[in-house]
Amino acid sequence: MPARLMRIWRGSTRRSDAEAYERYMRHTGFVGYTAADGNRGVYMTRRDLGEHSEFCMVSLWDSWEAVKAFAGDELDKAVFYPEDDRYLVDRELTVSHYVIFESA
């Protein structure tokens, strides 16, 4: 079954912390997303913008129920990990969801 939903979150670090945050997210966020039932994949992306690095996390899901099992009852609330405060200088507190109507 192909993914039906896309969940997107963005946050920024100091550029000097970007590589450390990448390593941190590989062991926290990536594991959390991919271990969740109903997760169909995750893209963890980064772009450097001057003194900051912006991260965009895109995850793919089977259903709203799968998203709820991962994120909790407040589906639009972002999920954070214990050391995020150490790295993030800006972050979205909510996420965006999109229904996937076609993919290849």
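**Salt bridges and their surroundings**

R40 has a relative accessible area of 44% and is partly exposed (buried means under 20%, exposed over 50%, and partly exposed in between, with a 1.4 Å probe and protein chains only). The model is predicted, so local features need pLDDT of at least 70 and side-chain atom pairs count only at pLDDT 80 or more, while totals for chains, interfaces and linings use all residues. Residues are numbered from 1 along each chain as its sequence is written, and side-chain values use heavy atoms, with hydrogens and water left out.

The partner of R40 is D62, and the two side chains form a salt bridge with an N to O distance of 2.5 Å (a side-chain nitrogen of Lys or Arg within 4 Å of a carboxyl oxygen of Asp or Glu). Because R40 lies in strand 2 and D62 in the loop between strand 3 (52–61) and helix 3 (64–71), this pair ties together parts that are 22 residues apart in sequence. Helices (H or I, at least four residues) and strands (E, at least two) are DSSP runs, numbered from the N terminus. D62 is buried, at 12% relative accessible area.

In total, 10 salt bridges are counted. In one of them, R46 pairs with E22, and the closest N and O atoms are 2.6 Å apart. R46 belongs to strand 2 (residues 39–49) and E22 to helix 1 (residues 18–27), so parts 24 residues apart in sequence are tied together. Both residues are partly exposed, R46 at 29% relative accessibility and E22 at 23%.

A further salt bridge joins D73 and K68, at 3.4 Å from N to O. D73 is exposed, with a relative accessible area of 65%, whereas K68 is partly exposed at 43%. Through shared partners, salt bridges also join R15, E22, R26, R46 and D48 into one network.
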